[in-house]
Amino acid sequence: MTPEKKNVSDSPGRDRNIELFSMPGLSVDLQQHDGKALKLAAKGTLKAACSPILKKINSRLQEEKPALVQEDRVIPSAWLPPIPGPAFKRLIFAEVQIALGKYVPETLSIELTRQNSLRYPPETAADELDTGTIKRIIDEALELGTLIITFTENDPLLREDVFELIEFVDKKRAIINCSTWGTDFSKETALKLKEAGLHSLMVGVYSTDPEKHDALRNSAGAYERAISTIKLALEAGLLVVMTTHASPSNMRELPALYALASELGVHEFSVWESMPKNRDEPVISDRDRKAILEMYRRINSDPEGPRMFANTYFEGQMLGAMAGRRWMHVTADGDVKPSPYPPFRFGNVKEVPLKEIWQRIRSYPYFQRQKSLSPMHDPEFMKFVDKIPEEAKLPYPFEEICEK
């Protein structure tokens, strides 16, 4: 079973130019040839500023299959806005700003809850962000230029206001993704997500062996719930992504996981490098990264089967490390980090506006330099992690171990 794909145009041989973006000194058009080929073209005095990102996007459009092609738009990946569309216009504008030296938190991930089962003790939710605060964070992020918002960590769908929060996101300014363990997923849940305007549902599957997946989730039946969630979400017409982590222990299982994703008919198979918590934990090698990139190119050049996303390519070769440069993360109790993985906080949204916290992150020299490795894989950054006192509460204040 493969995801349904439709041509952007039903008129073979038709050439079209669609204006995607316009500002003084720059306009970007989407050029369509024969109703199929897509290319972004820029004009104006600021053309040079956005040429690098347009070149990278064009190479992806020409060399790789998209996650989904519909009559009036293309979704290159669940991690990118549809083309054409208002959120994609914001991406172009953000990339122009970044090219001119002003980094924009294009992606904001938010932990809605610590819940990962229905046995979650209510008292542990006391310091989680309330609905109003999360809405304020979303608004502040949109003002900063954010165009991808993801509800992540644990199981966001166990939070009662999740549909309200998804609906709250202005879809003209950002796409909204949501991860889930499939803890308590039903046909009704899938339909409510579709109605709320969810861009994509991301379901983690970490092994094709149900026992291994259940052990990783520490929950009996977790594998069957995840597979059921994928099927119900597809039936409801949602864009569905099967996610997994690449670690030294499961590299050999990635092909089998992709085969499962193909069998289920998801739109994208998403592979993220696993992140260590300290220097002693094993991490994937350069050889492993090479294997992931070879798999990525092979799969995405084949018109059959779901697309593959790999942050090994997206952060390693396409955009560079995103943490603190294009990405910001908010924990369930409001601490702000450069991404979900570094064990450092730069402020709390209950006390400080998001804009000020982003400026704090950007003020540190480490985040001002381009990197091809995520911080927790970067030896330079791990020196900061080594300075965290033993038994310290995490995330730890970054300013206490690093001078500007």
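1. The largest cavity in this predicted model has a volume of about 60 Å³. If you are setting up a cavity search, note that the count comes to one cavity of 30 Å³ or more.

2. As for what surrounds that space, the largest cavity is lined by Met 275, Glu 315, Ala 323, Trp 327, Ser 339, Tyr 341, Pro 342, Ser 374, Pro 375 and Met 376. Sorted by class, this lining has seven nonpolar, two polar and one charged residues.

3. On to the rings: there are 22 aromatic pairs in the model. One of them joins Phe 344 and Phe 381 in an edge-to-face arrangement, 5.7 Å centre to centre with 85° between the planes. This pair links distant parts of the chain, since Phe 344 sits in strand E15 (residues 344-345) and Phe 381 in helix H13 (residues 379-386), 37 residues apart. Both Phe 344 and Phe 381 are buried.

4. Phe 381 has another partner to look at: with Phe 367 it forms an edge-to-face pair, at 6.2 Å centre to centre and 65° between the planes. Here too distant parts of the chain are linked, with Phe 367 in helix H12 (residues 365-368) and Phe 381 in helix H13, 14 residues apart. Phe 367 counts as buried because its relative accessibility is 1%, and Phe 381 is buried with a relative accessible area of 0%.

5. Lastly, a charge over a ring: Arg 217 lies over the face of Trp 181, at 4.0 Å from the ring centre.

Terms used
Residues are numbered from 1 along each chain as its sequence is written. This is a predicted model: local features need pLDDT of at least 70, side-chain atom pairs count only at pLDDT 80 or more; totals for chains, interfaces and linings use all residues. Side-chain values use heavy atoms; hydrogens and water are left out. On a 1 Å grid over the protein atoms alone, a cavity is a set of points where a 1.4 Å probe fits but cannot get out, and a pocket is an open set with protein on both sides within 12 Å along at least five of seven lines; lining residues have an atom within 4 Å of a point. Grid points are joined across faces, edges and corners, and a volume is the space filled by probe spheres set on the points. Ala, Val, Leu, Ile, Met, Phe, Trp, Tyr, Cys and Pro count as nonpolar, Asp, Glu, Lys and Arg as charged, and the others, Gly among them, as polar. Rings of Phe, Tyr and Trp (its six-membered ring) pair if their centres lie within 6.5 Å; planes under 30 degrees apart count as stacked, over 60 as edge-to-face and the rest as tilted. Helices (H or I, at least four residues) and strands (E, at least two) are DSSP runs, numbered from the N terminus. Buried means under 20% relative accessible area, exposed over 50%, partly exposed in between (1.4 Å probe, protein chains only). A charge sits over a ring if NZ of Lys or CZ of Arg is within 6 Å of the ring centre and within 35 degrees of the ring normal.
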